[in-house]
Amino acid sequence: MKIYGVAVLSICFLTGQLLGEWLGRLFDFNGNIGGVGFAMLLLIIFGDWMKRRGWIDTESESGIRFWSGMYIPVVVAMASTQHVKAALQGGWLAVVAGVGGTVFCFLLIPLLAPKRGHDQGSSNDNP
Amino acid sequence: MTSLFDSLLKYEMIIALLWVGLVMYVSHLISRYLTGNRMPGVAIAIGLGLFFAYFGGSKGVADHPLLAGMAVIGGSMMRDFSIVSTAMGASISEIRKAGGRAILSLFVGILAAFGFGVVSGFSMGYADPVSLATIGAGACTFIVGPVTGTALGASSEVIAISIATGVIKTIFVTILTPLLARRIGLDNPQTAMAYGGIIGTTSGVAAGLAATDARLVPYGALTATFYTGMGCLLCPSVLFFLLRALMA
């Protein structure tokens with residue numbers, strides 16, 4: 001049943017948020033520290049584990065898939081409900097950080113790319 | 001006649017779903033016919049969302065009674081829930097196969113984008129660690145920014161900047177990838193995985209690689225899938241505390 005998958009997702013979500021809130025209190029900070037990240041990590045590990053045991057079938061998984069399909073529409077709705085007028089008074093910050101940050105990251109790629117001729121397993125695609 | 005339509009106002013969330021569906025559809029039409037599929041429809045849709053929000057007040061389009069339901073769908077609970085659900089597609093065995101370099105690229109990419117965002121924000125007048133961390137997270141992806149901002153309690157204005165930063169990054173990645181592919185040696189799976197890990201914005205990575213060499217898309221997507229999760233984990237925790245300690 002689809003709701004089983006959604007229930008598994010909910011457990012991971014709540015546990016992750018709880019962990020984030022707990023960390024926030026531990027560090028004496030009024031906020032949630034990494035709750036969403038913890039929840040995702042939990043779903044990756046827990047979901048993988050349950051799948052290997054056959055405890056999640058495709059039908060249950062499709063319940064989770066529905067929510068991940070709603071992710072972009074939800075993000076569009078989120079973007080539509082921000083205080084954009086005030087944000088524009090921040091001037092060119094988004095452009096500077098977006099464009100500059102992208103260029104900066106591109107410059108780092110060669111550092112982490114394999115050295116020519118030393119990489120394995122890619123000979124098919126390597127001219 | 002007006003009273004008949006007024007009766008629909010109580011179904012605000014359903015109206016909002018219809019509205020988002022229309023925005024998505026128009027964005028995909030723009031992507032297909034005006035940019036020849038070069039610009040991801042996702043980035044256009046989020047950009048359109050921000051554009052419409054400009055005509056609203058502090059709650060964007062949700063200030064209009066007809067679209068009040070947008071605040072429900074776009075609220076932090078729905079957003080966080082749907083983001084977490086995307087982790088279901090990621091498999092640990094795949095990333096383990098990808099190796100240490102792929103995992104390292106994720107850390108490097110998040111740290112570099114975050115650092116650049118923080119420096120940009122600081123040099124343009126933001127001085128509190130919560131706003132700076134949110135802008136830094138926005139330089140990762142348009143989703144890590146608002147997640148971090150909500151978790152740390154940033155203002156809607158700063159969150160909007162972080163979304164816009166992420167959207168600009170996605171668009172720019174799409175344009176830049178095919179132009180720079182040769183220069184950065186982006187012609188093999190290993191480099192594609194490092195690229196996916198460093199750049200991270202999934203829709204930008206997929207569109208950029210598709211324009212470069214479609215066979216590389218799955219390799220880049222493999223590492224990029226983990227980027228948002230890692231970003232949501234690291235930005236509002238370790239990186240925020242590091243930043244706060246540095247500024248104290």
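Tutor: Start with an idea: a nonpolar core is a set of buried Ala, Val, Leu, Ile, Met, Phe, Trp, Tyr and Cys residues joined through C-beta atoms within 7 Å. Buried means 20 or more other C-beta atoms within 10 Å of a residue's own, exposed means 12 or fewer, and partly exposed is in between, with C-beta atoms placed from the backbone. This is a predicted model, where local features need pLDDT of at least 70 and side-chain atom pairs count only at pLDDT 80 or more, while totals for chains, interfaces and linings use all residues. Residues are numbered from 1 along each chain as its sequence is written, with chains lettered from A and ligands numbered from 1 in the order in which they are written.

Student: Which residues touch the most other members of the largest nonpolar core?

Tutor: That core has 122 residues, and the answer is Leu43(A), Val75(A), Ile46(B), Val84(B) and Cys235(B). Its largest share, 13 residues, comes from helix α13 (residues 217-247) of chain B; helices here are DSSP runs (H or I, at least four residues), numbered from the N terminus.

Student: What is Cys235(B) in contact with, beyond four places in sequence?

Tutor: Contact means C-beta atoms, placed from the backbone, within 7 Å. The partners of Cys235(B) include Phe114(B), Ala133(B), Gly136(B) and Ala137(B).

Student: Is helix α8 of chain B mostly covered or open?

Tutor: Mostly covered: 10 of the 10 residues in α8(B) (129-138) are buried. Among what covers them are α6 of chain A and α13 of chain B.

Note on methods: Helices (H or I, at least four residues) and strands (E, at least two) are DSSP runs, numbered from the N terminus. Two residues are in contact if their C-beta atoms, placed from the backbone, lie within 7 Å.
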